Every structure is written in C-alpha cells, then in structure tokens.
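Please consult the sequence and the structure shown below while reading.

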Amino acid sequence: MRRLSKPLTEMKPHYEVVVVGSGYGGSIAASRLSRAGMGVCLLEKGKEFTPGTFPNNIKEAKKEMQFNKKSLQIGKQNGLYDFVLGDDISVFKGCGLGGTSLVNANVSIEADPRVFEDKIWPEELRNDIGAINEGIERARKMLRPNPYPEGRDGYPELAKTRAMRISAKALKREFRMLDINVNFSSGKNNVGVYQPRCKSCGDCVTGCNLGAKNTTHMTYLPDSFNHGAEIFVETGVHHVEKVNGHWKIFFTAYSTDRDKFDAPLMSITADNVILSAGALGSTEILMRSKKYGLEVSEMLGKRFSGNGDFLAFGYNNDMPINGIGRPNSFSGAEIDEIGPCITSVIDTRKESSLEDGMTIEEGSIPSPIKDLMTPALFAFSRLTGRDTDRGFKDFIREKWREVTSFFRGPYWGSVKHTQVYLVMANDDGMGSMHLGKSDEAVIEWKDVGRQKIFEKISEQLHEVSRALGGRYVRNPTWSKLMNFDLMTVHPLGGCVMGDTAKQGVVNHKGQVYNGTEGSKVYKSLYVMDGAVFSRSVGTNPLLTISGISERNIALMIEDNHREVSYEFPQIPDDQFDDLDLKPGVQFTETMTGYFLMGETDDYDKGYSLGKESDSPFEFTLTIQVDDIEDFIIDKQHEAAMIGTMTAPALSSKPLMAFNGIFNLFVDDANREGCKKMLYKADLISEEEKAYRFEGYKEIFDDKGFDVWQDTTTLFIDVYEAEKLIGKGKLKIKVMDFKKQLTTMTALNTNTKAEGLKAQAKFGKFFAGNVYDSYC
C-alpha cells in the first residue's frame with residue numbers, strides 16, 4: 001500500500017480546514033469535509049505505518065514506546081505506543097496516522113441508550129439521538145464491522161471464545177460474538193484499498209502487519225486522500241491562535257531535528273480548525289492555546305473519564321486459551337488458532353442499572369511482548385492472584401503447566417491457559433487535567449481506583465475465572481500497595497459538551513465556547529473526538545465517537561452551505577499501489593547574520609550596518625532531496641525546502657518559509673569556474689505580509705584557503721512585491737554546523753544499509769564538488 005502522507009516541503013501556507021489528529025473523529029472530519037469540496041489539511045503527530053512496517057518483536061517495539069509522566073519523557077515524543085503515566089490512573093493510546101485505531105481491538109459496539117438520557121449531555125444532543133444513530137450507520141458502512149466467522153471460511157472456533165461461553169453459562173449472563181472492524185475476506189475495500197483477510201495471528205494491538213484491520217488508515221483516511229485532502233505526519237500541534245481573522249496553527253516538525261537549534265515553532269493558517277487529537281491531546285492543545293491568550297471555558301480539563309476500564313487475567317486455567325499472538329503462522333496453517341484480539345463479550349448492561357452494568361471481553365497478548373509474559377504472569381499471580389479451585393491433583397497440574405511455560409515458552413503450559421480480560425463500565429468521570437511544567441497534560445484523579453464499581457468488576461471477574469478453574473489475577477497496580485491505580489485505553493472527556501460555557505468546553509456541535517460563560521462560540525474552532533464526551537459510555541467507545549463525529553461534521557458542512565455525498569465512487573485499481581520511491585536525504589541548516597532594510601547595492605554594507613542597527617536575520621530550514629540519484633544527475637541539483645526565518649525588521653514574530661527551492665553546486669553562467677548554492681523561498685509574516693527570500697553561496701577558488709568561508713557564507717536578498725527591499729549576509733556557526741551534520745537522515749529507505757548508502761552518495765557528491773572547485 002502506498003503512503004497517504006505528503007512530504008513536509010509540500011505544505012501550503014493556508015488551508016480552508018486544518019484537522020489535527022487522525023483517529024476516528026479526525027479521519028471522519030477529513031473524509032467528509034474533503035468530500036464536500038473543502039480544502040483539507042490533516043496534521044498527525046505520529047508516523048505513517050503501512051502494512052508490514054509495524055514492530056514485529058520486542059526490540060522493534062521498544063523503539064516505538066514513549067513514556068510520559070509529568071515533565072519526564074522517555075522515548076521518542078511521537079512513538080507509536082504512547083503511555084501517559086499518572087499518579088492514580090494512566091493512559092495507553094496510539095500515536096500514528098490512524099491514531100489509536102492502529103493499536104486497539106477495533107470493537108464496534110453501541111453504547112447503552114440510557115447513557116444519552118443523562119442530562120449532563122447538552123439538550124440539543126439528547127434530542128437528536130436519531131442523527132447520532134444515522135452517524136453510526138455511516139460509520140458502519142466505512143468501517144465494515146462484522147463478527148469473527150466462527151466455523152466458516154476456514155476460521156475455527158477459538159479456544160478463548162469457547163472459554164467465554166463456559167464462563168457466561170456459569171454466571172447466567174448474556175454471551176455474544178462482537179462486531180469487530182476486521183476484514184475476513186480478501187479484496188479491494190469500498191475506498192479502493194486492497195486488504196487481505198485476517199489470519200487470526202492475534203497481533204491487533206501492536207499494529208496489523210497484514211492490513212486486515214479496518215483502521216482509519218485503511219478506510220476514512222484513504223477516502224479523504226481520494227477527495228483531495230493533504231496529509232502530513234510527524235507534525236505535533238502545540239497550540240492555536242486567532243490572528244487577523246484566521247486560525248494560526250503552531251506545530252513541531254518531529255522529523256526535522258529543528259529542536260537541536262532551538263528553532264521557533266512552524267505554523268500554517270486556516271479558516272477552520274478541528275482538534276481531534278484525543279481526550280489528552282485535544283485538551284492539551286486547548287490548554288496551551290489558553291496560555292497564549294485564547295479565551296475558553298473554565299471546564300477545560302474537567303470531567304476526565306477512564307471509561308471504567310479494568311484489566312485482569314484468568315491465569316493457568318484448566319483449559320487452553322491460546323491467548324498469545326503469533327507474528328507468523330506458528331502452526332503452519334493459513335488461519336491461526338489465536339484469533340483477532342477481541343471476539344466476544346459477556347454483557348451485563350441490560351440486566352443491571354446503568355451504574356452497575358459492564359462489558360467483559362476476552363483479549364490476546366501481542367507477540368512482540370510474548371517473552372515477557374511467562375515471568376510477568378507468574379509474578380502477578382503471586383502478588384494479586386487468588387486460586388479459584390482446590391485439590392491435590394489440580395495443584396499438581398497447575399504446577400506442571402507453570403514449569404512447562406518456563407522451559408518451553410508462552411505457547412505452552414500456564415501462559416497458554418491464560419485468559420485476558422478487558423472490562424468497561426461507568427466511572428464517575430471526575431478526573432481532571434492541567435498543564436505541567438513542560439506544557440504537557442497531567443492527569444489528577446485521587447482515589448479513582450477505590451470507586452465501588454471496580455470492586456464489583458473484580459468480584460465478577462473472580463466468578464468468570466472460577467468457571468474455568470483458573471487463578472484470578474488482578475492488574476498488579478490495582479492493589480493496596482499500589483494505591484489501587486488504574487490503566488485506561490479509552491480516555492474520554494477534558495473538552496466536554498455542555499449547554500453553556502459554565503457546563504462545558506464545547507457546544508453540542510463541538511464548537512469551542514468563547515469565554516467562561518454564556519453560549520458564544522468560536523464558530524470555526526471545533527473539538528471532534530472522545531474529548532467531548534460528558535461521561536463514560538460503559539463499553540468500547542469507538543462507534544459512539546464515530547457516530548457523534550459523523551453527526552457533528554454533517555452539521556458543520558450544513559453551516560458552511562456545502563453538500564456531501566456518502567456514496568462510494570469507483571476508484572482506479574492502482575490508486576493505492578506502492579509508489580516507486582527512490583532513496584533520498586534530508587538535513588536541517590541554521591544560519592545567522594544581519595540584514596538592512598533599504599540597502600539594495602552591497603551585501604557587506606547590509607551586514608555591517610544591519611549589525612550596527614541591531615537588525616539580525618536568522619533561518620532554520622529543512623532541505624529534502626526525494627531522489628538522490630536524480631538530484632546528482634540533474635544539472636540544477638534541485639531540492640525542496642521549508643522552515644522559519646526570524647527578521648525583526650520584517651516582523652516581530654518568526655516568518656514561515658514555504659515553496660522553498662535549494663540548488664546545490666550549479667554553474668554560474670557569468671563566472672567561469674564558479675559554482676553556487678542557491679536558496680529561494682516565499683515568506684509569510686505574522687501580519688500576513690508576503691516576501692520573497694533569495695540567497696546564494698559562491699564556491700570559487702580565490703587566493704588563500706577560503707573553502708570554509710565560501711561554503712558557510714550566504715548572501716541574501718529580500719523582496720516585497722518584486723521590489724528589492726534589503727540585503728545582508730548570513731553565516732554558519734561552527735557549533736551549528738556540527739549539529740547540522742547530525743540532522744542528516746535518509747528518506748524512502750527500508751533498511752539501515754540503504755539509508756547509509758543514500759547519505760554516502762550525497763556526501764560523495766558534496767565533497768567531490770568542493771574538491772573540484774578548490775584543488
């Protein structure tokens with residue numbers, strides 16, 4: 001499958017709509033708005049993973065883990081597996097193009113209707129349930145949820161599903177197979193992406209390397225691509241500001257190493273902004289925006305919910321479970337015996353009060369962490385486990401299975417006989433978030449794990465485990481020793497809906513309230529994801545998030561006097577075929593110097609007088625060569641360029657440089673034996689004034705050893721409306737040059753060897769031209 005994202009250098013300065021985040025809310029917004037003919041740009045903090053590129057073992061998985069606890073950050077800031085650690089509750093979420101859909105179990109289950117009878121929701125939403133249901137049906141057509149085809153098309157009954165049936169029967173509770181967004185028949189889907197059928201490997205939550213999961217990267221995002229949306233990855237939005245009637249979106253480009261130079265944030269502008277970065281991400285962006293002057297409700301960060309999530313294990317059961325994923329068919333069969341991560345549920349919601357109801361689902365452990373499970377489960381079982389059956393023979397069998405797992409691995413013995421349980425219920429939704437020292441979201445929710453609902457869940461899971469003769473093992477953090485801490489994979493709230501700014505951060509449409517009271521909103525600033533949920537939903541929330549997002553984006557399209565078709569057009573067969581991308585390189589450069597407005601004749605004079613009058617000029621630019629072979633062969637040696645420039649004489653704030661062109665070692669037609677490095681870019685100021693920047697480095701063998709001076713001195717011209725308005729010079733500091741060397745990275749390569757080869761070709765070309773010019 002081809003990549004959906006564009007190179008950063010192709011970003012435009014302004015869009016009609018900028019969508020931040022690519023989970024269910026953001027992907028739905030990008031799909032529907034682009035279908036309505038609006039110019040859409042989607043920014044995603046994480047990377048793009050195509051099938052076959054997700055981590056396949058613990059070594060690869062570790063590289064994609066990030067742990068964030070207050071101001072402490074370990075791992076890449078945009079690693080795929082994002083753990084946010086709180087004092088009482090922690091969050092796991094996905095960070096990549098597709099959001100958490102990349103690493104969830106893709107369960108599509110509707111919320112209990114009583115959830116929307118709660119008056120905590122805005123009245124307009126409670127009175128418009130029909131529109132939410134219509135949105136859910138639209139989401140179903142795109143995500144195509146269906147149950148695991150047990151006993152059909154080569155798919156066997158799964159051991160873990162059989163075990164759930166036994167537990168449900170013993171408890172006299174409702175059992176059923178779940179609708180999951182997984183593809184069980186090979187072919188091109190309704191947006192033109194070819195998907196193979198699921199092989200039941202169980203690796204859903206570390207990323208589907210087959211492409212059988214119907215994530216947003218397989219559905220809504222390709223649909224937005226088909227309708228003209230522009231997608232950029234590794235762009236983490238910091239905050240938004242209202243400037244000159246537009247929204248200015250400030251972001252960090254993680255792939256560029258700009259942080260090594262303490263470069264300013266990059267930015268683009270938009271008529272409309274939709275924040276869909278998740279409960280933590282959208283809330284964090286709005287809290288930082290508030291810090292920069294945006295007036296918002298005092299409810300921002302309030303009513304955070306973990307959706308009543310509770311993790312536990314039925315360890316060393318009397319029957320096999322086969323709950324550990326296998327990256328390649330371990331048995332040699334086309335369809336493995338593990339199954340998708342979650343396939344079935346014990347649902348108590350209909351027979352309980354809303355507050356006491358719960359959904360109990362089985363799960364599988366992904367193979368990249370399989371080798372951790374034998375010692376971990378053994379330790380957990382001793383710390384928090386309770387055996388549910390007795391007897392000498394049972395004791396001997398359990399011990400033998402433990403010994404077998406230790407010697408033969410997780411596909412045998414006690415680990416093979418372990419059921420994983422994920423339970424969702426209704427917590428009180430009284431968590432909160434605030435900005436930490438590093439402007440990151442910090443979760444506070446004292447004694448959340450001591451709520452009565454979690455004790456009820458634990459008691460129910462003990463009975464579920466008893467039916468299988470296993471040892472009930474609670475999540476080891478949910479203990480007195482660990483202050484009954486919880487982990488959630490379904491964070492909700494933080495930007496909740498309300499009838500006014502006193503009750504919520506957004507209105508029923510998702511529009512952000514302008515101020516701390518009343519119903520005045522920023523008509524073009526939306527939040528569209530789980531952050532707007534006013535309460536927990538007691539089950540997997542993706543379908544409810546999708547239904548509300550479909551409803552709200554339809555209202556936005558109507559408010560903008562546009563129309564949208566929900567039909568699926570015919571897509572060319574080769575639309576998503578792999579592109580023949582060639583190895584390239586990228587590096588980031590910083591230069592500093594001085595510039596004088598009004599000087600149009602002499603660069604040295606512009607530099608010296610600019611220095612005297614304190615008129616500095618600085619840039620940090622990222623240069624991308626998308627095909628190193630063509631770059632070397634082409635006489636213009638042209639690359640793309642994007643970044644920021646700081647010039648107080650032009651604007652008090654950094655200017656964005658777009659449409660940049662960089663030419664390396666081109667012949668000077670007016671001077672024999674002279675080569676030039678050329679820089680050209682369009683500049684946009686905070687005041688939305690447009691300038692053009694041009695610069696050159698002159699590579700010529702004058703008397704004396706001047707190679708360093710030539711290759712690190714840039715002569716610059718600045719134009720406004722084609723009129724030259726100033727000149728100056730920039731230079732590379734030695735320390736900045738050392739940093740520049742560390743930013744060199746390969747593009748479009750699959751292996752480390754390919755990357756080193758591409759970088760070596762660029763280095764050889766650069767060194768060769770320097771040698772030819774000076775030796």
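A salt bridge is defined here as a side-chain nitrogen of Lys or Arg within 4 Å of a carboxyl oxygen of Asp or Glu. By this rule the count comes to 52 salt bridges. The model is predicted: local features need pLDDT of at least 70, side-chain atom pairs count only at pLDDT 80 or more, and totals for chains, interfaces and linings use all residues. Residues are numbered from 1 along each chain as its sequence is written, and side-chain values use heavy atoms, with hydrogens and water left out.

**Salt bridges**

- Arg551 pairs with Asp128 in a salt bridge whose closest N and O atoms are 2.9 Å apart.
- Arg551 lies in helix α12 (residues 542-559) and Asp128 in the loop between α3 (123-126) and α4 (129-143), so this pair ties together parts that are 423 residues apart in sequence. Helices (H or I, at least four residues) and strands (E, at least two) are DSSP runs, numbered from the N terminus.
- Arg551 is buried at 3% relative accessibility, whereas Asp128 is partly exposed at 25%. Buried means under 20% relative accessible area, exposed over 50%, and partly exposed in between (1.4 Å probe, protein chains only).
- Asp356 forms a salt bridge with Lys456, with 2.6 Å between the closest N and O atoms.
- Asp356 lies in the loop between β15 and β16 and Lys456 in helix α11 (residues 452-466), so the pair ties together parts that are 100 residues apart in sequence.
- Asp356 is partly exposed, with a relative accessible area of 30%; Lys456 is also partly exposed, at 35%.

**Loop residue Thr348**

- Thr348 is located in the loop between β15 (344-347) and β16 (359-363), and it is buried, with a relative accessible area of 2%.
- Not counting residues up to four places away in sequence, Thr348 touches Arg173, Asp356, Gly357, Met358 and Gln460; contact means heavy atoms within 4.5 Å.

**Surface patches**

- Patches are made of residues with over 30% relative accessible area and no salt bridge; like charges are joined within 9 Å, and nonpolar side chains (Val, Leu, Ile, Met, Phe, Trp, Tyr) within 5 Å.
- Trp400, Val403, Phe406 and Phe407 form a nonpolar surface patch with about 520 Å² of accessible area together, by the Shrake-Rupley method with a 1.4 Å probe, where for residues only the protein chains shown count as cover.
- Phe407 belongs to helix α9 (residues 392-408) and is exposed at 72% relative accessibility.
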